[in-house]
Amino acid sequence: MSLLEVKKLSVIDTRSGQQIVQDLNFTLKENSCLGIVGESGSGKSITARAILGLTSPWLDVTGEAIFNGMNLIGQSNGVMRKIRGQQVCMILQDAMTAFNPLNTIGRQMSETFRENLGVKKKLAIDMAKVALHRVHIHHPEQVLKMYPHQLSGGMLQRVMISIVIMMEPDIIIADEPTTAIDSINQRDIVEQFKLLRELTGTSIIFISHDLGVVQYLSDELLVMQNGKCLEYGKTNEVFSSPKHGFTKYLINTRLSLTEPFQQSMTSGVLSCL
């Protein structure tokens with residue numbers, strides 16, 4: 001059953017007339033993962049932001065993104081705020097800009113849980129500690145007292161992932177969530193996504209340059225270039241029999257760059273045997 005259905009999604013820059021995304025169509029099924037890959041500037045991140053109403057005011061978004069019978073495109077900010085964070089969560093690519101520099105990590109995490117889940121302060125703080133443990137952050141009590149500038153980009157990315165995992169939304173849109181994380185911690189984070197999906201049925205849109213991660217995690221794959229869909233289908237079929245020349249190029253040139261992740265996944269499996 002389809003959880004999110006995107007039809008003829010287009011994004012145009014009204015200042016220049018440039019078409020950033022053109023007539024994009026895809027479906028996210030319940031308890032599934034859709035991988036979106038493509039070069040920088042292909043429209044991957046803009047597609048995710050357009051669905052959630054997070055684009056700049058000079059970008060004109062048209063088309064449909066049907067979620068729970070509602071077209072998310074064109075909805076008011078008030079309506080979208082009730083959906084974002086509870087039913088659909090997004091992990092941003094730039095973790096540095098996702099946190100308020102004036103508040104501690106603990107305060108921001110607990111306020112997020114209190115606001116979206118309706119829990120009391122003590123439980124929210126306990127949830128923050130559990131969340132950090134789940135993404136293998138050591139000494140969570142100390143991290144909760146720190147300010148964003150005291151943590152690396154990779155650490156902030158893991159904090160952001162931990163918040164979303166604890167929210168257990170219907171859909172997680174993850175925009176390059178493992179970019180700033182080393183290959184060993186990459187494996188742990190990807191396994192958390194996989195486990196979350198198995199335990200809660202959360203569906204995931206996973207945007208990444210890393211074909212190794214996408215191949216491991218996703219059921220279906222969407223390949224983009226210049227704002228258009230070049231190839232869309234089951235991940236194993238796209239990887240084994242790519243139809244478009246650009247897809248073949250991505251697979252041939254990028255897989256060699258994902259060897260650290262593949263090796264870490266293999267060593268992780270072997271260590272469990």
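Trainee: Is the crossing where helix 3 passes helix 6 left-handed or right-handed?

Mentor: Bearing in mind that this is a predicted model, helix 3 passes helix 6 in a right-handed crossing. The two pack at an angle of about 20°, and their axes are 11 Å apart. Angles under 35 degrees count as roughly parallel, and helix 3 and helix 6 are therefore described as roughly parallel to each other.

Trainee: Which residues of helix 3 and helix 6 meet there?

Mentor: From helix 3 (residues 105-117) come Ile105, Met109, Thr112, Phe113, Asn116 and Leu117, and they meet Leu156, Val159, Ser162, Ile163, Met166 and Met167 of helix 6. Sorted by class, this contact has 9 nonpolar and 3 polar residues, with no charged ones.

Trainee: And helix 4, at what angle does it pack with helix 6?

Mentor: Helix 4 (residues 121-134) packs with helix 6 at an angle of about 115°, with 8 Å between the axes, and this crossing is right-handed. Met127, Val130, Ala131, Leu132 and Arg134 of helix 4 meet Val159, Ser162, Ile165 and Met166 of helix 6. The residues of this contact divide into 7 nonpolar, 1 polar and 1 charged.

Trainee: Which strands does helix 6 lie across?

Mentor: Helix 6, which covers residues 153-167, lies across strand 6 and strand 7, and it runs at about 165° to strand 6.

Trainee: Switching to that sheet, what is its strand order?

Mentor: The sheet is open and has 6 strands in the order 6-7-8-3-9-10, with mixed pairing. Strand 6 (88-91) and strand 10 (228-234) stand at the edges with a single partner strand each, so one side of each has no neighbour in the sheet. On average, and ignoring direction, neighbouring strands are turned by 15° against each other.

Trainee: How many bridges join strand 7 to strand 8?

Mentor: There are 5 bridges between strand 7 (residues 171-175) and strand 8 (residues 203-207), and these strands run parallel. Within that stretch, Asp175 stands opposite Ile207 of strand 8.

Trainee: What about strand 9 and strand 10, over how many bridges do they pair?

Mentor: Strand 9 and strand 10 pair over 6 bridges in the antiparallel sense, and Leu221 stands opposite Gly233 in strand 10. Their hairpin has 2 residues between the strands, and Asn226 takes a positive phi near 50° in it.

Trainee: In what order do the strands of the 4-stranded sheet come?

Mentor: That sheet is also open, and its 4 strands come in the order 2-1-4-5 with antiparallel pairing. Its edge strands are strand 2 (19-29) and strand 5 (70-71), each of which pairs on one side only. Strand 4 (residues 59-67) and strand 5 pair over 2 bridges, and Asn71 in strand 5 is the bridge partner of Ile66.

Trainee: Which strands of that sheet does helix 1 touch?

Mentor: Helix 1 packs on this sheet by touching strand 1 (2-13), strand 2 and strand 4, and its direction makes about 110° with that of strand 1.

Trainee: One last topic: how many aromatic pairs does a search of the whole structure find?

Mentor: The search finds 2 aromatic pairs. One of them is the edge-to-face pair of Phe193 and Phe206, with 5.8 Å centre to centre and 90° between the planes. This pair links distant parts of the chain, since Phe193 is in helix 7 (residues 183-200) and Phe206 is in strand 8, 13 residues apart.

Conventions. Residues numbered from 1 in each chain as written. Predicted model: local features only at pLDDT ≥ 70, side-chain atom pairs only at ≥ 80, totals over all residues. Heavy atoms only, no water. Pairing = 2+ DSSP bridges. Axes fitted to C-alpha atoms, helices over the stretch in contact; angles between N-to-C directions. Contact = heavy atoms within 4.5 Å. Parallel < 35°, antiparallel > 145°, perpendicular 65-115°, else oblique. Left-handed = near helix turned anticlockwise from the far one by under 90°. Nonpolar A, V, L, I, M, F, W, Y, C, P; charged D, E, K, R; others polar. Phe/Tyr/Trp six-rings, centres within 6.5 Å; stacked < 30°, edge-to-face > 60°.
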